[in-house]
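Have a look at the sequence and the 3D picture below. Then let's walk through a few spots together.

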Amino acid sequence: QAPIRPASVISKSRLPDASHTYAPPPKPWTKQRMTLGNLLSTDSIIPEMQATERYAAIAELVNLLVSHGQIAEADRDAVLAALRAREETMSTGIGFGIAIPHASSERVTKVVAAFGRSSGGIEFEALDNALVKFVVLFVVPKDQFQTHLRTLAAIAKFLNDRSVRERLAEAPHERHREDDQDHPDDGASQDGIPNSGSAKGIIVHLAQHDIERTENDDGIGDV
């Protein structure tokens, strides 16, 4: 058996080069936050929907996305079919006046979403049998399961707040010139959300505010 040599005689060539700087191990992958503010703009919002039943409401929101180029005209029917197929398994009316129709489709390359409000209510066969006042529709690319779940969770979290639903319900359809004259600075409430403005503006502000309010959350809790 070969004798064990003391450390003092080990060849320097076998020792690590002290001058070499080793890169730290890569950090674990951090998932991108998914919130309603990432998905909606004023172009993807209908302050007062015309539809009174769920499939007409879904078509109305898809048509909005088509009109703004987020879904190709040629892909409209395929996207509608995917949304209808999901809806036929169980209504996406989750209660409290909320519906979140959603589907995955190979006809989109990124998440697309639209928001609709109905003051009169939409028959959606919701779980609590109540009429739906707020509809958030979204479509994710095929086979992006985690993105699908995160988007659904973010939307549900946003609308789960009763104060958010109340603000959305009370927002006027349009800003009137009288409002601009009476409130030139568009005063804000204590929570930082503007008190005046159109429903579109209120929705976008609320979505952005939700991002700030849940800055330390993972975007999925409370669902």
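## Before we start

This is a predicted model, so to speak of local features we need pLDDT of at least 70, while side-chain atom pairs count only at pLDDT 80 or more, and totals for chains, interfaces and linings use all residues. Residues are numbered from 1 along each chain as its sequence is written, and side-chain values use heavy atoms, leaving out hydrogens and water.

Buried means under 20% relative accessible area, exposed is over 50%, and partly exposed is in between (1.4 Å probe, protein chains only). Helices (H or I, at least four residues) and strands (E, at least two) are DSSP runs, numbered from the N terminus.

Strand 5 pairs with strand 1 (residues 45–46) in the parallel sense, over 2 bridges; two strands pair if DSSP finds at least two bridges between them. Here Ile-46 has Gly-116 as its bridge partner.

## Two arginines

Arg-54 sits in helix 2 (residues 54–67). Arg-54 is buried, at 9% relative accessible area.

Arg-107 lies in the loop between strand 4 (102–105) and strand 5, and is partly exposed at 38%. The side chain of Arg-107 makes a polar contact with the side chain of Asp-75, at 2.9 Å. A polar contact is a pair of N or O atoms within 3.5 Å; within protein, one must be able to donate a hydrogen and the other to accept it, and residues adjacent in sequence count only if both atoms are side-chain atoms.
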